[in-house]
Amino acid sequence: MPHRRHVAIVDDEASVRESLALLLSTAQIESRTFASAEDYLDSVPLDESSCVILDNQLPGLSGIGLLKRIAAAADCDTAVILISGHGDVPTAVSAMKCGAFHFVEKPLDPEALLLTVEEALGRTEQVRDRQTQVQEFRGRRALLTQREHEVFALLVQGLPTKLIARQLGITPRTTEHHRAAVMHKMQARTISHLVRMALSFDPAAGET
Amino acid sequence: MNHREEALGSAWTESAANLVRRRFWLTGIAFLAAYLALNVVTVRYQFEALGITLWSPDDGLTVLLLIEGVEFFPFVLAGAVLADVLVSHVHHSFYVTVLAESALSLGYVGIAVALRDVLKFSPRRSDLADVLVMLAAVPAGAILNSLIYCGVLYLAGSLPADQFISALLHFWIGDAVGIIAVVAAGTAVFSVSSKTRWVWRKDDTLNWSVFIISSCLVFAFIHGAPSAYAYHLFYLLFLPTIWIGMRAGYVGVAIALLATQAAFFMTASHIGFSANDFDQFQILMLVLSITGLILGATVTERERANQKLREQQGELVRISAHATAGALGMLLAHELSQPLSTIATYAVAARRMLQSGAGPEPVIDALSKAEAEAQRTREVLERIRDLVSVGRLQPRPLSLVDAALKIRALCVEGANARGVDIAVESVHPIPLVEGDPIGIEQVLNNIVGNAVDAAAERRDARGRVLVRVIDRDGWAIVQVDDNGPGVAPEMAESLFQAYQTSKPRGMGLGLTLSRRIVQQHGGRIWWQPIAPEGTRFVVELNLNGPDGDAA
């Protein structure tokens, strides 16, 4: 599904914020600008997934400081692009250790930065898509009855209907019935489709 | 592989051991030869054929050798016995000779061990502390040795009781004076031979000429005067000794004292003083030696401290120049990266807008913002230039000759160590110029430093940098000539451009800054190759001040 692409820019220099926002707008990327790390923390919830262009040299909380806060937030996959002075190796190292998406040196190469932002947004998109799919998968599975759930678990392990019936101590006919219900509720076209879904969204399911 | 290494290892050990053994024998035999030769000379003055010489530089050699290693003891003993038997023809029996010389040689071992191991004296240093230790320990040790030797002779019946005190005194003073002179001279020789490059300066010629001439005069007086006056004339020897101590330091005075002692010994033996008279001279000689050596060591120590100070000052100048350049680079990078990023970003945004067919309005907007940012960059640059420029010149009348001499003093030690000599020449008094002393010194330091670097590339220890200060047609001119390999053709065009350097550790800012400083003084700086080899840098400053008209 099409998603509005969004980037946050945190830099204390107004000219840098403005010029970056203008540059991003030429690539149909919307941006919100913040003059300090504190401003960003005040208005953006930490668990909101997004892409942030972050200057390391900020008044108050530094870029690395904000990066650490963002990375520490649970369930967050915000991609942070950290900007720092030329040749600042220690900052580059700690940025990558703290899980920054990328590290960019000043003076900026605008085209390269744009590519990096696109890449970061692409990754966020993927993550977000996957999260949506996992949510949907879990929602469908919640619809299964207790017995259907047992049948689903054995189906995913690759057992044929007769074996499932014997293992659960029910007739093959009843088993067929449950199986049809599982396929319907999970919106699986074939057994292999069902197995793929289970493996990619709930790896634990295939092993028990 | 292992076997081979072992074989190589043992071969090495063997050859090293051979070397050590050879050195041991060579040193020992050389000692024996020198010892006997000295005895042949000094035996002319001995006390009652008891093997007591009135001047004993030979025992100085003994102490010096034993400080090098106690294992030379057999040579020492052999030398002493041989000298007694072959040279002095002592009256007492061979057994008494061996007994007395054994006891005495052990006494010298005692002095050597006390000096080296207890008092931590090393003949390879000439610190004032070492000299003082030596001057205290040697006379004290000589008293003990004198007691030992005379005691053995007395007990053996070779020395009559009524001569005991007299013999004791003769032995002591001859030993103390001789040992002090030889150990001090040994220290001097070690310190000269340990220098990588011994420079004989013009000063040295003058110093030693004055010393030799004045000493000769004094000896002529002593020799010519009636012997009753000779003793009073001896005091005159203090003059050349103090002169050479002041001018040439410890090394000079140590060598001078040994020469003086030898010359005095010759003079005295020629005149034919009695042993008792000679002793009185020797006591004066002891005082002269102590005075001279303490003076020399003090002068040397002060000279060393001065040299260290100069080296540190020179280092400081270099460091600060480097630090300034480094800080300037950091400042530029920091101040310019922000506006540069912004300009580039607006430019790319504007291009992308045009490419995607946007109207002129947003593009014009982006470009004018880039323009404004470029203007801001210009202001930043202007500000940095004000900050680092030598704009706050504080001109005052200054002598280019003095400035050149000061730079020479800062650079000459380091240059000498690299085989380059620096000379400053000025034909006649040069009028003062109006200039900022720090700025001008920075320029000269830079140019002279470059010249030394160039001359040092010869690697034949014949590098030469000549700084000539002249005035001509209303200009004060400093010419710095070197006899290095000259400016590489590919560097010649861009010599004064920033960040051009042929040096592995250079920033390439020196000549750029120098030219800027000279231009701010209303002067010129240029260079030309000189035949047959080398480069000349010329700095010209207007004698009528920065804004003056030169003829």
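This is a predicted model: local features need pLDDT of at least 70, side-chain atom pairs count only at pLDDT 80 or more; totals for chains, interfaces and linings use all residues.
User: Why is Cys150(B) called buried?

Analyst: Cys150(B) has a relative accessible area of 0%. Buried means under 20%, so Cys150(B) is buried.

User: What makes Cys411(B) count as buried or exposed?

Analyst: The relative accessibility of Cys411(B) is 15%. Because the cut-off for buried is under 20%, Cys411(B) counts as buried.

User: How many disulfides does a search of the whole structure find?

Analyst: The search finds zero disulfides over all chains; a pair would need cysteine sulfur atoms within 2.5 Å.

User: Why is Gln187(A) called exposed?

Analyst: Gln187(A), in the loop between α8 and α9 of chain A, has 52% relative accessibility. Exposed means over 50%, so Gln187(A) counts as exposed. Gln187(A) also has a positive phi of about 55°, although it is not a glycine.

User: What makes Asp473(B) exposed?

Analyst: Its relative accessible area is 53%, and the cut-off is over 50%; therefore Asp473(B) is exposed. Asp473(B) lies in the loop between β6 (463-472) and β7 (475-482) of chain B.

User: How do you know that the buried residues of α9(A) line one face of the helix?

Analyst: The buried residues in α9 of chain A are His193(A), Leu194(A), Met197(A), Ala198(A) and Phe201(A). Seen down the axis of α9(A), they fall within an arc of 135°, so they line one face. An α-helix has 3.6 residues a turn, so residues three or four places apart point the same way. Among the elements covering the buried residues of α9(A) are α5 (110-142) and α6 (146-156) of chain A.

Conventions: Residues are numbered from 1 along each chain as its sequence is written. Chains are lettered from A and ligands numbered from 1 in the order in which they are written. Side-chain values use heavy atoms; hydrogens and water are left out. Buried means under 20% relative accessible area, exposed over 50%, partly exposed in between (1.4 Å probe, protein chains only). Helices (H or I, at least four residues) and strands (E, at least two) are DSSP runs, numbered from the N terminus. The arc is that of the directions from the helix axis to the C-beta atoms. Contact means heavy atoms within 4.5 Å.
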